[in-house]
Amino acid sequence: MNVDWTAFLHVFVAALSGAVLVVLFYALGLRMLVRAGRVPVVAPVEFTDAIAVVSEKHRRRAEKAAAKAAKKNPLTAGQKRLALVAAYGCFALCALAVVAGIVLIVVR
């Protein structure tokens, strides 16, 4: 049996760089989304077999904290709009990296 180590190295580098790009663009997109004043608050969902269930009090507290943080934003309206566009751009690049990975898997 003969192992092609260069092919293994290519796959390793592609997987590592793809994972880094997806995480980087997603984190940067979330950061820009928060800077734009659109803090993503996800309402908790109760499952019957959940280990930890978030109460209504905790959910209201999280929404209140998000609204307070949005009020403290020192950016102008134009800067917020630019941060929002940058956030959407980062999410698009993240999706593009995922699609490129899928294309590489399917094509080869």
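This report looks at a pocket and a helix pair in a predicted model.

## About the model

Local features need pLDDT of at least 70, side-chain atom pairs count only at pLDDT 80 or more, and totals for chains, interfaces and linings use all residues. Residues are numbered from 1 along each chain as its sequence is written, and side-chain values use heavy atoms, without hydrogens and water.

Let's start with H1 (5-35) and H3 (77-107); helices here are DSSP runs of H or I with at least four residues, numbered from the N terminus. Their axes, lines fitted to C-alpha atoms over the stretch in contact, with angles from 0 to 180 degrees between N-to-C directions, come within 8 Å and cross at roughly 160°. That makes H1 roughly antiparallel to H3 (an angle over 145 degrees).

In this contact (heavy atoms within 4.5 Å), Phe25 and Leu33 are among the H1 residues, and Ala87 and Phe91 are among those of H3. By class, the contact has 17 nonpolar, one polar and two charged residues. Nonpolar means Ala, Val, Leu, Ile, Met, Phe, Trp, Tyr, Cys and Pro; charged means Asp, Glu, Lys and Arg; the others, including Gly, are polar.

## The largest pocket

A pocket is an open set of points on a 1 Å grid over the protein atoms alone, where a 1.4 Å probe fits, with protein on both sides within 12 Å along at least five of seven lines; lining residues have an atom within 4 Å of a point. The largest pocket has 16 lining residues, with His10, Val11, Ala14, Ala15 and Leu104 nearest its centre. H1 gives the largest share of this lining, nine residues.

Notes: Helices (H or I, at least four residues) and strands (E, at least two) are DSSP runs, numbered from the N terminus. Angles under 35 degrees count as roughly parallel, over 145 as roughly antiparallel, 65 to 115 as roughly perpendicular and the rest as oblique.
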